[in-house]
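Dear colleague,

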Amino acid sequence: MYAFQLERPTSTAEAARLAAAGARPLAGGQTLLASMKLRLVSAEQVVDLSAIGELAGIRRDGNAVVIGAMTRHAEVAGSAEVKAAIPALADLAGGIGDRQVRNLGTLGGSLANNDPSACYPAAVLGLGATVNTTKRSIPADQFFTGLFSIALEEGELITSVSFPIPRRAAYCKFRQPASRFALIGVFVAQTDAGVRVAVTGGGNGVFRHQGLEQALSANFTPQAAAGVSISADDLSSDIHASAAYRANLISVMTQRAVANALG
């Protein structure tokens, strides 16, 4: 581990000032600290966000659930507010990693890292959520820009995420046994405007599948999802699964998610 200076501000404004000056934000720390230990990342100054109370918490705001960036996965999974409004989101949070991961990891940290196999990006994109920052509000369709890449500017911090409440939704993932990341995860949400389908685990970052969205907007059934041809183009192949296998998983996980959403 490199030597570094640790800052622990108690306000978002102070954290943003430090981040703008070059400090690396620390949320749950599960990616940043491991990267520093492996000397893949060098950070002379780290700003710990855990003491900023205003960045955590869950509240209902009209037809949306607003979750603070420093809210832990376990808190989302156990929240009565989330379970009542968007049970699929609570279910997703409860299936992330193991108990230790869920008690350390945060919503904002997951989104800022944008791991191509992470679960939360699928929920944000699938629900058409809005990511609120210290500078602006970013629609989900504009937030994820590629592999480990997001729309945040230097010094910009995620403060909360506003999740619209759908008519029905579900998330299904096929776990990689060792890491418990999604080999493929599919979040399906039916809204008044139509159906959104977000896929994680494909290897190139979270994405929406237009073919599945069109079929399910016309007929929200597992059979409609099964009738959509899933291309393996642009999906990754590795020691865990081929691109063709991942393509098949997208179809299967979507069918299961729709069935779960229908109850």
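Predicted model: local features only at pLDDT ≥ 70, side-chain atom pairs only at ≥ 80, totals over all residues.

Residues are numbered from 1 along each chain as its sequence is written, and side-chain values use heavy atoms, with hydrogens and water left out.

The protein holds twelve helices and 14 strands, which are DSSP runs numbered from the N terminus (helices H or I, at least four residues; strands E, at least two). Its radius of gyration, 18 Å, is close to the 18 Å that the globule rule gives for 263 residues, so the protein is as compact as a globular protein of that length; the radius is taken over C-alpha atoms, and the rule is 2.2 Å times the number of residues to the power 0.38. Of the 263 residues, 52% are buried, meaning under 20% relative accessible area with a 1.4 Å probe, protein chains only.

Lysine 135 sits in the loop between strand 6 (130–133) and strand 7 (137–139). Leaving aside residues up to four places away in sequence, lysine 135 touches Glu153, Glu154 and Glu156, where contact means heavy atoms within 4.5 Å. With glutamate 153, the side chain of lysine 135 forms a polar contact of 3.3 Å (a pair of N or O atoms within 3.5 Å, of which, within protein, one must be able to donate a hydrogen and the other to accept it, and residues adjacent in sequence count only if both atoms are side-chain atoms).

Conventions:
Buried < 20%, exposed > 50% of the residue type's maximum accessible area, 1.4 Å probe, protein only.
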